[in-house]
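Here is a short tour for anyone who likes to check a model residue by residue. Have your viewer open and follow along.

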Amino acid sequence: MEYGDYSPKEQLQLTVCQSLIAEKSYLSQEEIRRDLQDRGFDSISQSTVSRLLKLLGVIKIRNAKGQKIYSMNPQLRPAPDAARSISEMVVSVEHNSEFILIHTAAGYGRAVARILDYHQLPEILGVVAGSSIVWVAPRVVKRTALVHKQINYLLRTH
């Protein structure tokens, strides 16, 4: 994403904020503010975080656990590009006690599912893909957290 109309400081804030939201599930702007502070933006205010989220087009979505988290708006995600790395395709990998959901950039769901199918992880019973989401059923639900870790490792999103 290009931020040519902003100062170098604002461009850096936008870039770091976007990567934080892509890496982690945030329930509040305060959590985002703390992580931005940890990355060197010591005096960043809550109102600045709110402005960054608005500029990035960040929305709140419900995750697999039913919590409302901040996420990049699927309509504003870049178009599919075959040169992207797998980790760039994956927005988040979440799980509850029964299944794993992989949110991808728009158009990458089937590609990520094919990668999982190709590796034939014995812990996976099945994979269902849509345009921007992959649903993974573990073979044994008691091992869902383990399958989640295996997928994160395989897709290098940890």
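## A hairpin to start with

Let's begin with valine 58, whose bridge partner in strand E2 is methionine 72. E2 (residues 68-72) runs antiparallel to strand E1 (residues 58-62), and 5 bridges join the two; strands pair if DSSP finds at least two bridges between them. The hairpin of E1 and E2 has 5 residues between the strands, and glycine 66 takes a positive phi near 85° there.

## About the model

This is a predicted model, in which local features need pLDDT of at least 70 and side-chain atom pairs count only at pLDDT 80 or more, while totals for chains, interfaces and linings use all residues. Residues are numbered from 1 along each chain as its sequence is written, and side-chain values use heavy atoms, with hydrogens and water left out.

## The chain as a whole

The chain has 6 helices and 6 strands, in the order α-α-α-β-β-α-β-β-α-β-β-α along the sequence. Helices (H or I, at least four residues) and strands (E, at least two) are DSSP runs, numbered from the N terminus.

Of the 158 residues, 41% are buried (under 20% relative accessible area, with a 1.4 Å probe and protein chains only). Contact means heavy atoms within 4.5 Å; among contacts between residues at least 6 apart in sequence, 49% join residues at least 24 apart.

## Two helix pairs

Helix H2 (residues 29-38) and helix H3 (residues 46-56) have axes that come within 9 Å and cross at roughly 100°. That makes H2 roughly perpendicular to H3 (65 to 115 degrees). Axes are lines fitted to C-alpha atoms, for helices over the stretch in contact, and angles run from 0 to 180 degrees between N-to-C directions. Gln29, Ile32, Arg33 and Leu36 in H2 meet Gln46, Val49, Ser50, Leu52 and Leu53 in H3. These divide into 5 nonpolar, 3 polar and 1 charged.

Helix H5 (residues 109-119) packs with helix H6 at an angle of about 105°, their axes 11 Å apart, so H5 is roughly perpendicular to H6. Here Val112, Ile115, Leu116 and His119 in H5 meet Ile151, Leu154 and Leu155 in H6. By class, this contact has 6 nonpolar, 1 polar and no charged residues.

## A closer look at threonine 144

Leaving aside neighbours within four places in sequence, threonine 144 is in contact with His95, Asn96, Ser97, Glu98, Phe99, Ile100 and Pro138.

Definitions and conventions:
Buried < 20%, exposed > 50% of the residue type's maximum accessible area, 1.4 Å probe, protein only. Parallel < 35°, antiparallel > 145°, perpendicular 65-115°, else oblique. Nonpolar A, V, L, I, M, F, W, Y, C, P; charged D, E, K, R; others polar.
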